[in-house]
Amino acid sequence: MAKLNFKENAEAIFDKSVSATPLPFRSNTKNGLTKLLIEQFGEKGEITEERIVQVIKENTPKLFLGRGMDAIKPLLSDPSLADI
């Protein structure tokens, strides 16, 4: 798996997003989120808090988005990024 270029607290947000996913889906979530981040920002692109939240918001089913944003909100430097 590619090594992402996390900045700020983005790696903790990534990890929390994966761990907040039900166990049977965690591997798919981790691989899918990694793929989306690489597609959008490149392997060497900086993954900031704002960018990872953007990708999560764009790709999480609406039914689960609120719960996901609640899970990562304490990790954000700007908690308003989690507003939906």
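Which handedness, left-handed or right-handed, does the crossing of α1 and α2 have? In this predicted model, the crossing of α1 and α2 is right-handed. The axes of the two helices come within 8 Å and cross at roughly 145°. On the α1 side the contact is made by Phe-14, Ser-17, Val-18 and Ser-19, and on the α2 side by Arg-26, Thr-29, Lys-30, Leu-33, Thr-34 and Leu-37.

## Helix packing

| Helix pair | Axis separation | Crossing angle | Source of values |
|---|---|---|---|
| α1 and α2 | within 8 Å | roughly 145° | computed from the model |
| α1 and α3 | 8 Å | about 25° | computed from the model |
| α2 and α3 | within 10 Å | roughly 115° | computed from the model |

Helices α1 and α3 pack with their axes 8 Å apart, at an angle of about 25°. Angles under 35 degrees count as roughly parallel, and α1 and α3 are therefore roughly parallel to each other. Their crossing is right-handed. In this pairing, Ala-10, Ile-13, Phe-14 and Ser-17 of α1 meet Glu-49, Ile-52 and Ile-56 of α3.

For α2 and α3, the crossing is likewise a right-handed one, and the axes approach within 10 Å at roughly 115°. Here α2 contributes Leu-33, Leu-36, Leu-37, Gln-40 and Phe-41, while α3 contributes Arg-51, Ile-52, Gln-54, Val-55, Ile-56, Glu-58 and Asn-59.

Helix α1 spans residues 10-19. Its buried residues are Ala-10, Ile-13, Phe-14, Ser-17 and Val-18. Seen down the axis of α1, these residues fall within an arc of 135°, so they line one face of the helix. They pack against β1, α2 (26-41), β2 (46-47), α3 (49-59) and α4 (62-72).

In α4, burial applies to Leu-65, Met-69 and Ile-72. Because these buried residues fall within an arc of 70° when α4 is viewed down its axis, they line one face of the helix. The elements that cover them include α1 and α3. On the face of α4 turned away from the buried side lie the exposed residues Leu-63, Arg-67 and Asp-70.

Glu-8 is not a glycine, yet it has a positive phi of about 55°. With a relative accessibility of 62%, Glu-8 counts as exposed.

Asn-9 has a relative accessibility of 28% and therefore counts as partly exposed. When neighbours within four places in sequence are left aside, Asn-9 is in contact with Glu-49 and Leu-75. Towards Leu-75, the side chain of Asn-9 reaches the backbone oxygen at 2.6 Å.

The C-alpha atoms of Glu-49 and Glu-39, ten residues apart along the chain, are separated by 17 Å.

Pro-74 is located in the segment after α4. Pro-74 is exposed, with a relative accessible area of 68%. The C-alpha atom of Pro-74 is separated by 21 Å from that of Leu-37, a residue 37 positions away along the chain. Leu-37 itself takes part in the contact of α2 with α1 and in that of α2 with α3.

Terms used:
Residues are numbered from 1 along each chain as its sequence is written. This is a predicted model: local features need pLDDT of at least 70, side-chain atom pairs count only at pLDDT 80 or more; totals for chains, interfaces and linings use all residues. Side-chain values use heavy atoms; hydrogens and water are left out. Helices (H or I, at least four residues) and strands (E, at least two) are DSSP runs, numbered from the N terminus. Buried means under 20% relative accessible area, exposed over 50%, partly exposed in between (1.4 Å probe, protein chains only). Contact means heavy atoms within 4.5 Å. A polar contact is a pair of N or O atoms within 3.5 Å; within protein, one must be able to donate a hydrogen and the other to accept it, and residues adjacent in sequence count only if both atoms are side-chain atoms. The arc is that of the directions from the helix axis to the C-beta atoms. Axes are lines fitted to C-alpha atoms, for helices over the stretch in contact, and angles run from 0 to 180 degrees between N-to-C directions. Angles under 35 degrees count as roughly parallel, over 145 as roughly antiparallel, 65 to 115 as roughly perpendicular and the rest as oblique. A crossing is left-handed if the near helix is turned anticlockwise from the far one by less than a right angle, and right-handed if clockwise.
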